[in-house]
Amino acid sequence: MENEFIQMIERAKKGDKEVLIELIMRQKQDYYRLAYIYMKNPDEALDAMEDMILKVYENIKRLKDNAAFHSWSKTILVNCCKNNLRRKNRVILSGSIPEVAYADVFQMKDEQLDIEKHMEKINYKFREILKLRYYLDMEYEAIAAILKIPLGTVKSRIHTGLIKLKESMGVSEE
Amino acid sequence: MNNIEEILKAKKLQVSEMNVPEELEGRLRNALNKNNQFRFGNRFRVYTAAMAMVFILILSLNYDVVAFYSKQLLGYDQVMNASLKQLSELGKGQPIGKSFTFDNQVSLTVDYVMLDENQLLLFYTIKDPSGHVDKNDITAFMSLKAFWGEYNHQSSQGIINEENTEIKYLASFEPPKLFEKNLTLKFSRILKGREDPAEISFTLNRNTAMGHTLKKTLNETIEVDKTKIKIHSILASPTKTVIEGSIQNIFELAKDQLNGERLRATDLTLKLIANGKEVERQGSGMSTDMKGMTFHCDYDPLPTDLEQLQLEMVNFGADHDVNQQFKLINDGEKQSLNIQGQKVEINKIEKVQGETQITFSSKEGLILSRVYLWIDGQRVSLEQTIMDDYEKLLDGTIIHTRTMRFLGAGDELKLDVQRMTYTTSYDKVLEIPIN
């Protein structure tokens, strides 16, 4: 099993596209959900995955530790998501800014219910980690590996993130 | 609900129930297989949005349509105005006759070029022998590349023939600098999201260029409410007349921005009068950038027997920052608000099925462009404006009456006017010296 995986990586490094697809598809749930919690939309999650597989294909020769393929490619996926989000913001800016936003009356009611809205209010670096930890149920080590930050930082950000989220939702400490 | 981790875990269940779309594998394979091609992403959408904005800025050119036969420019008579026809009759300009054909047999031919100090006019034809020229995929993104720079496409219009096999275009470009000789027209077609670029090169014959007929720095100022409109210059050439000016320089713009008193010009009408007759307007544009708020107005060429030239300020309208709140008294009486010197008359305030409806009237052209209502200390956005009614008074002014709907009702009402647009008419005339 282990051996087969390493062989597949070796073949992917030689430019075998089908093997590369197979490698990603074996953990398709993980990849897709990871992309989804960033993009919040199935279509854009797929877009980000397309971007990822291209980058993986172009750079896989540089991957030294074959066993780290999945966490390496997930880091790439997270970066692709962040790039796309940044680009999406730019598009909105160059378009027209709505003058009359009467929708905010309706939104007020949703806000009290939907945790996502509160998530948006807290700082990006906390939000990202909370989502990975709680929505995807990822281990601290896995988060550290994908985001390329120290384990201690992951732990402290989860702690602070939870406090901030509680503050935002108006929940008092018990 | 107190335990936040419980809520987060509930959300996790939602996420883990999510299925991976079946198209995933196909899309990954597709992405890998087209990876050598140039990919259009969101960036393309940015350009499209920018392009659309440019087109909105350039007002349509209205040429009069008089059938006319012209030797040099066969088929272009419908897109030329009278003065251009005269010029082409006189043989002004330069025939080119170079073309490029794409692999689907659609071709672009540069027929003719006319150059003066205001613009370079490019006469070109797009042909599609299959009879679908109206659906051709050549973009309007064109430019003229030369050694010292790139000159942008400003506006164009074309006419399709009855067989739908060709379009004759007349396109206006920024005039190339004096020492530019070799020009390359860069254009492209979009095929399945890919850009397929092409170009046509030609040499400009400066002897056929026409220069200008009147060029003057004016530095005149016209005072309008709250600001001054500066007329910088006039440049008349055989193909058109351009007036350039500014509304605010960058310092004034920055100052107003900081004070929260910005104005955004929406309407500027300047009438150019030559020998007592109005010169037809071709278009105009306005932009705000590092140079401040600048504008240009384009008119037809001036008559050759010019004796008198005047510029008349007709209208100036702008969207102003107001940021003022007005307490509304709901006692059945009319209430008059003075908003930056503009009169807004509140006729009626009604509570209808839990909504507040405010009927008010003002001069035509006045718009409360960003308005809220505070109902008992809570801010409510405008839901809808209903029941438009225009009434013409004896003195000719038009009064516009309408009703704003706000969701919610209460006793204490405050109208929060953040922005307002209004237009003021003037009849100031500026004499332009012609010698």
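Is Lys82(A) buried, partly exposed or exposed? In this predicted model, Lys82(A) is partly exposed, with a relative accessible area of 21%; buried here means under 20% relative accessible area, exposed means over 50%, and partly exposed lies in between (1.4 Å probe, protein chains only). Because the model is predicted, local features need pLDDT of at least 70 and side-chain atom pairs count only at pLDDT 80 or more, while totals for chains, interfaces and linings use all residues. Residues are numbered from 1 along each chain as its sequence is written, chains are lettered from A and ligands numbered from 1 in the order in which they are written, and side-chain values use heavy atoms, with hydrogens and water left out.

Helices (H or I, at least four residues) and strands (E, at least two) are DSSP runs, numbered from the N terminus. Glu128(A) is buried, at a relative accessible area of 7%.

Over all chains, the structure holds 23 salt bridges. One of them crosses between chains, running from Arg27(B) in helix H2 (residues 24-33) of chain B to Glu50(A) in helix H4 (residues 42-59) of chain A. The N to O distance in this bridge is 2.7 Å, and both Arg27(B) and Glu50(A) are buried. The two residues also belong to a network of salt bridges that links Asp43(A), Asp47(A), Glu50(A), Glu23(B) and Arg27(B).

Helix H2 of chain B also contains Arg29(B) and Glu25(B), which sit four residues apart, about one turn of the helix. Their side chains form a salt bridge with an N to O distance of 3.1 Å. Arg29(B) is partly exposed at 27% relative accessibility, and Glu25(B) is partly exposed at 32%.

Turning to chain B as a whole, this chain has five helices and 23 strands. Of its 435 residues, 45% are buried. Among contacts (heavy atoms within 4.5 Å) with a separation of 6 or more in chain B, 64% involve residues 24 or more positions apart. The accessible surface of chain B comes to about 23,300 Å², with 49% belonging to carbon and sulfur atoms; accessible areas come from the Shrake-Rupley method with a 1.4 Å probe, and for residues only the protein chains shown count as cover.

On that surface, Phe147(B), Trp148(B), Leu178(B) and Phe179(B) make a nonpolar patch of about 590 Å². Patches are made of residues with over 30% relative accessible area and no salt bridge, with like charges joined within 9 Å and nonpolar side chains (Val, Leu, Ile, Met, Phe, Trp, Tyr) within 5 Å. Leu178(B) lies in the loop between strand S6 (166-173) and strand S7 (182-191) of chain B and is exposed, with a relative accessible area of 70%.

Asn136(B) is buried, with a relative accessible area of 18%. Leaving aside neighbours within four places in sequence, Asn136(B) is in contact with Ile126(B) and Ile167(B).

Note on methods:
A salt bridge is a side-chain nitrogen of Lys or Arg within 4 Å of a carboxyl oxygen of Asp or Glu.
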